[in-house]
Amino acid sequence: MSDIYLDNNATTKVDPAIVEAMLPFFTEQFGNPSSLHSFGNKVGMALKKARGQVQKILGAEHDSEIIFTSCGSESDSTAILSALKANPERKEIITTVVEHPAVLNLCEYLETEGYTVHKLKVDSKGRLDLDEYAKLLSDDVAVVSVMWANNETGTIFPVEKMAEMADEAGVLFHTDAVQAVGKIPMNLQDTAIHMLSLSGHKLHAPKGVGVLYLKRGTRFRPLLRGGHQERGRRAGTENSASIIGLGLACEQAMEHMEFENVQVKAMRDRLQEGILAAVPNAFPTGDVDNRLPNTLNIAFEYIEGEAILLLMNKMGIAASSGSACTSGSLEPSHVMKAMGIPYTAAHGTVRFSLSRYNTMEEIERVIEAVPPIVAKLRKLSPYWGENGPVENPEQAFAPVYA
Amino acid sequence: MWDYSEKVKEHFYNPKNAGAVADANGVGDVGSISCGDALRLTLKVDPETEIILDAGFQTFGCGSAIASSSALTEMVKGKTLDEALLISNQDIADFLDGLPPEKMHCSVMGREALQAAVANYRGEEWSDDHEEGALVCKCFAIDEVMVRDTIKANNLSSVEEVTNYTKAGGGCSSCHEAIENLLTEEMAARGETFVPAASGKKKAKKVEKKKPDLVEIEAPVAKPAAASAGLTLVQRIRKIEDVLEAMRPALRADNGDVELVDVDGKTVYVNLVGACSGCQMAAMTLGGIQQKLIEAMGEFIKVIPASERPAA
């Protein structure tokens, strides 16, 4: 039995057809697209095609609005730092408490540089309060950066409406859409979104390539200055093979958009129902009625996520966790904390993120495998009795914390 | 994925002594805030002999927390309470063939659970005596609380000093930004401004100029002699050996050692061995040795690596 990969919000498999399309660009078509000769020219044409494919999935009005970068994080940094550079008199940033570290850590650093960062709070389902947001928009705000969909829970934010509100207030709006592109249909030309980040490896393209969408007319200051690549907006020789892979990945994602939202969603729903039916004291986190079709985050109370993952890994099932111990930093998930998930549950959250390569048969195997793992770990847990949580778990076991 | 040893995996997949011991007479409940792990250790102690007859654990935590708990119960069974209390967190980690630096606190938690359970058995109140913060230096597993406390206690003002006192930043150096930020905050609190070291060769010169009293090696030092000038060469060498001997525990704690090679007037030639040899802090260590020798001998002594000894 082959292993089951349910960690597609972390990264995805590169489609074999994409690998095949990329290969000639390492050997035969290795030219620098900036060169005049035919070695370079052909690559330049292939990049143009890829740019068009990305333009299409985003629904961008012009292909010149697509800037290729090295990753989603670079796109995020470029967007936010550009907005600050272009508006030096504006010293405030609006973002959310549940952003990816690519945005959150940058904002925390900017705070030490004298910027004021407003982090929008979320409720217990991970939803934003748009009234709080409206009150913060002002002439002092340089940029709003809000993710389109949350990587841990899949919760979708109303970025189109929020961009509209920012635009009316004369504020730039950026969205980190690395989890959303390819799973949610989008048509950026009809929105007020000024900047958007995309990451190739989240949608079956290779790692090391990303995109910054920059709406025409948006004031911009490059992060990397140097050569004239990307119309002088991102210097550095193009990662041609990966860009070409990303172009094809976007085309494939367009073709599979319906499959993602029907079949993948059905597998996700079956997984949720199957596990919750068999495991007591477990619940899904986030806004379950408004989330990505591929994402399921379940909190298993009274046990710890890393232990669950290790036992699942032993059975050939790959997922991820919001527990403190699975991250190199040892920080518990800021997303779970922000939603007010109780301590004894936040550490036991497991994220299952599916892709179009999963099958219903795999999902049934996971539904079989998970309940005994949870039971085994609960047997070791001081919060768990014979058949359920001990009475008043928080009082029955109240350790001295160091 | 963490780099867990086979022993850790074995104790995680098949933990020993899981569950509470029936008729336990010593219970210790502790947790580690940085990881959110928590552990209850139950002991059954023979009141006559104070031998631990049985031990069991219940753990809410990650793989290495469960493995450390399992290891701990295996290690204490059959020992007397006093013997068991000698187990250090490093012993637990060693029993498991090592833990990743980020996970060393799991072994600390094990040791604390043991102390808490013994205190509970003896009817004493156990209180934790150390705080744990976010990990700053991953090479040497030094946390923020440790770095801040050391900066405060010793009025440190440079990254080099922090490295000399705590080892933090002495490895890959990628935590230097974090250490500079801590220095900035702690120095601001005492009304000073942090000035970063110069780069490149200029920095190296500055470090060289610093006096070797940077190195803090806790070692009892023989009373400073009025002057050792009246001593014979053999007496001098014995005295130097005494000083080195007194410093050895500190060096050995870092898996290093020092050996005396030659004494030529006021120049003492030594070899740093073990982990000390090739360590980027070797110059500092030599400086520390020199300082102690000067104090003990009551005269100026120069400590030189034996490799720089002129050929006979």
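Modeller: Happy to! Two residues are said to be in contact when heavy atoms of theirs lie within 4.5 Å. Please keep in mind that this is a predicted model.

Let us look closely at helix H7 of chain A, which covers residues 240-255. H7(A) has 16 residues, and from its first C-alpha to its last it reaches 23 Å, close to the 22 Å expected at 1.5 Å a residue.

Is H7(A) mostly covered or mostly uncovered? Mostly covered: 12 of its 16 residues are buried, where buried means under 20% relative accessible area. Among the buried residues of H7(A) are Ser240(A), Ile243(A), Ile244(A), Gly247(A) and Cys250(A). On the helix partners' side, the buried residues of H7(A) pack against H1 (16-22), H2 (38-58) and H8 (257-278) of chain A. Strands E2 (66-69), E7 (195-199) and E8 (210-214) of chain A are packing partners too.

Two packed helices are described by the angle between their axes and the distance between the axes. For H2(A) and H7(A), the axes come within 8 Å and cross at roughly 35 degrees. The crossing of H2(A) past H7(A) is left-handed. Which residues of the two helices meet? From H2(A) they include Val43(A), Ala46(A), Leu47(A), Ala50(A) and Val54(A). On the H7(A) side they include Ser240(A), Ile243(A), Ile244(A), Gly247(A) and Cys250(A).

Staying in chain A for a moment, find the loop between H8 and strand E9 (282-284), where Asn281(A) has its place. Asn281(A) has a positive phi of about 55 degrees although it is not a glycine. Its relative accessibility is 26%, so Asn281(A) counts as partly exposed.

Now for a sheet in chain B. Here 3 strands form an open sheet in the order E6-E7-E8, with mixed pairing. E6 (256-264) and E8 (302-305) of chain B stand at the edges with a single partner strand each, so one side of each has no neighbour in the sheet. From one strand to the next, the twist averages 35 degrees.

E6(B) and E7(B) (residues 267-274) run antiparallel and are joined by 8 bridges. For example, Asp262(B) has Tyr269(B) in E7(B) as its bridge partner, while Leu260(B) stands opposite Val270(B). The hairpin of E6(B) and E7(B) has 2 residues between the strands, and Gly265(B) takes a positive phi near 65 degrees there. Helix H10 of chain B (residues 233-253) lies across E6 and E7, running at about 165 degrees to E6(B).

Finally, how confident is the predictor about chain B? Its pLDDT averages 84, and 85% of the residues score at least 70. Over residues 206-217 of chain B, however, the pLDDT is below 50, although this stretch has 21 contacts in the model beyond near neighbours in sequence. Residues 219-226 of chain B also stay under 50, and the model gives them 17 contacts beyond four places in sequence.

Conventions: Residues are numbered from 1 along each chain as its sequence is written. Chains are lettered from A and ligands numbered from 1 in the order in which they are written. This is a predicted model: local features need pLDDT of at least 70, side-chain atom pairs count only at pLDDT 80 or more; totals for chains, interfaces and linings use all residues. Side-chain values use heavy atoms; hydrogens and water are left out. Helices (H or I, at least four residues) and strands (E, at least two) are DSSP runs, numbered from the N terminus. The expected span of a helix is 1.5 Å times one less than its number of residues. Buried means under 20% relative accessible area, exposed over 50%, partly exposed in between (1.4 Å probe, protein chains only). Two strands pair if DSSP finds at least two bridges between them. Axes are lines fitted to C-alpha atoms, for helices over the stretch in contact, and angles run from 0 to 180 degrees between N-to-C directions. pLDDT is the predictor's confidence in each residue, from 0 to 100. A crossing is left-handed if the near helix is turned anticlockwise from the far one by less than a right angle, and right-handed if clockwise.
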